[in-house]
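I opened my notebook today to go through one chain, element by element and contact by contact. Come along, and I will jot down each thing I looked up.

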Amino acid sequence: ANFGGGSTAGLLTHGSLTVTGNFTQDGTNSAASFRADTGLTFTLAGDGLHTLAFGTPDTTAGSAFGTFILVHGLGGDTVTWTGTVPVRGDATFNGTSGADFPARIDSTAGTLLVGNALTVNDALTTGVQVVPRRVIVGGTLTPGTQFSPDTTEFAGTSQGIPLDTTYNTVIVSGHDAVMVDN
């Protein structure tokens, strides 16, 4: 899906949009060519490699996802980007049918900017900067070098909480969590 036309400010307010391939926002004609409110849920679905690109990312005045859901059915899939992928509301990474969902965001230079909570229902491996206010992890957390949410919540069962990571606030709402060396 490619968005590069005029401003969509005030137009993408409710409903859902599902993309099974790549997503590109081009700010040549308008910095707000994909400016979604939190009432619009953008779902990136399907198997294989997906690329996200924002030409003018900005959660306040430029382009951004409103609510973002990443759904994959099979393991081994990766979402890549360079630059910033902005989400004005919540972002959720979901596996389906109990599949091994890798939730890998392995771009070489990029930021996932989430205005509210990032919920990961399985493992999370980050190779990019993750800057949400809150991260909720249901599986294993393997943070990259720049992992700085205000709150990290471990919501799974028998999770290992990495000792080599600096946390601001930690909440353990799951069961049998243990501190582990990575």
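This is a predicted model: local features need pLDDT of at least 70, side-chain atom pairs count only at pLDDT 80 or more; totals for chains, interfaces and linings use all residues.

**Entry 1: the whole chain.** How many helices and strands are there in the chain? I found 0 helices and 18 strands. Of the 182 residues, 43% count as buried. The accessible surface comes to about 8,000 Å², and carbon and sulfur atoms account for 49% of that area. I then looked at contacts between residues at least 6 apart in sequence: 47% of these join residues at least 24 apart.

**Entry 2: strand S5.** I followed the side chains along S5, residues 50–54, and saw them alternate. His50, Leu52 and Phe54 point to one face and are buried. Next I checked how S5 meets S3, which spans residues 23–25: the two run parallel, joined by 3 bridges. Within S5, alanine 53 is the residue that stands opposite threonine 24.

Entry 3: My lead-in here is a general one: in soluble globular proteins, nonpolar side chains tend to be buried together. The largest nonpolar core of this model holds 27 residues, and those touching the most other members are Phe42, Leu44, Leu52, Phe65 and Phe68. Which strands supply at least two residues each to this core? I listed S4, S5, S6 (67–72), S8 (83–87), S9 (91–95), S11 (110–120) and S13 (129–137).

Not counting residues up to four places away in sequence, leucine 44 touches Val19, Gly21, His50, Leu52, Phe68, Ile69, Leu70, Val71 and Val79.

**Entry 4: aromatic rings.** I counted 13 aromatic pairs in the structure. Why is the pair of phenylalanine 3 and phenylalanine 34 edge-to-face? Their ring centres are 4.6 Å apart and their planes meet at 65°, and an angle over 60 degrees counts as edge-to-face. Phenylalanine 3 sits in S1 (residues 2–3) and phenylalanine 34 in the loop between S3 and S4 (40–45), so this pair ties together parts that are 31 residues apart in sequence.

**Entry 5: the salt bridge.** The structure holds 1 salt bridge. Aspartate 37 forms it with arginine 88, and the closest N and O atoms are 2.8 Å apart. The partners are 51 residues apart, aspartate 37 in the loop between S3 and S4 and arginine 88 in the loop between S8 and S9. Aspartate 37 is partly exposed at 25% relative accessibility, and arginine 88 is partly exposed with a relative accessible area of 25%.

**Entry 6: glycine 39.** I stayed in the loop between S3 and S4, where glycine 39 is placed. Glycine 39 counts as partly exposed, at 35% relative accessibility. Where does the chain come back to meet this residue? Leaving aside neighbours within four places in sequence, glycine 39 is in contact with Thr13, His14 and Gly15. The C-alpha atoms of glycine 39 and histidine 14 are separated by 4.5 Å, though the two residues are 25 apart along the chain.

**Entry 7: positive phi.** Last, I looked up backbone angles. Serine 158, in the loop between S15 and S16, has a phi near 55°, a positive value in a residue other than glycine. Aspartate 176 is not a glycine either, and its phi is positive at about 60°. I placed aspartate 176 in the loop between S17 and S18 (178–180). With a relative accessible area of 58%, aspartate 176 is exposed.

Terms used: Residues are numbered from 1 along each chain as its sequence is written. Side-chain values use heavy atoms; hydrogens and water are left out. Buried means under 20% relative accessible area, exposed over 50%, partly exposed in between (1.4 Å probe, protein chains only). Helices (H or I, at least four residues) and strands (E, at least two) are DSSP runs, numbered from the N terminus. Two strands pair if DSSP finds at least two bridges between them. Rings of Phe, Tyr and Trp (its six-membered ring) pair if their centres lie within 6.5 Å; planes under 30 degrees apart count as stacked, over 60 as edge-to-face and the rest as tilted. A nonpolar core is a set of buried Ala, Val, Leu, Ile, Met, Phe, Trp, Tyr and Cys residues joined through side-chain atoms within 4.5 Å. Contact means heavy atoms within 4.5 Å. Accessible areas come from the Shrake-Rupley method with a 1.4 Å probe; for residues, only the protein chains shown count as cover. A salt bridge is a side-chain nitrogen of Lys or Arg within 4 Å of a carboxyl oxygen of Asp or Glu.
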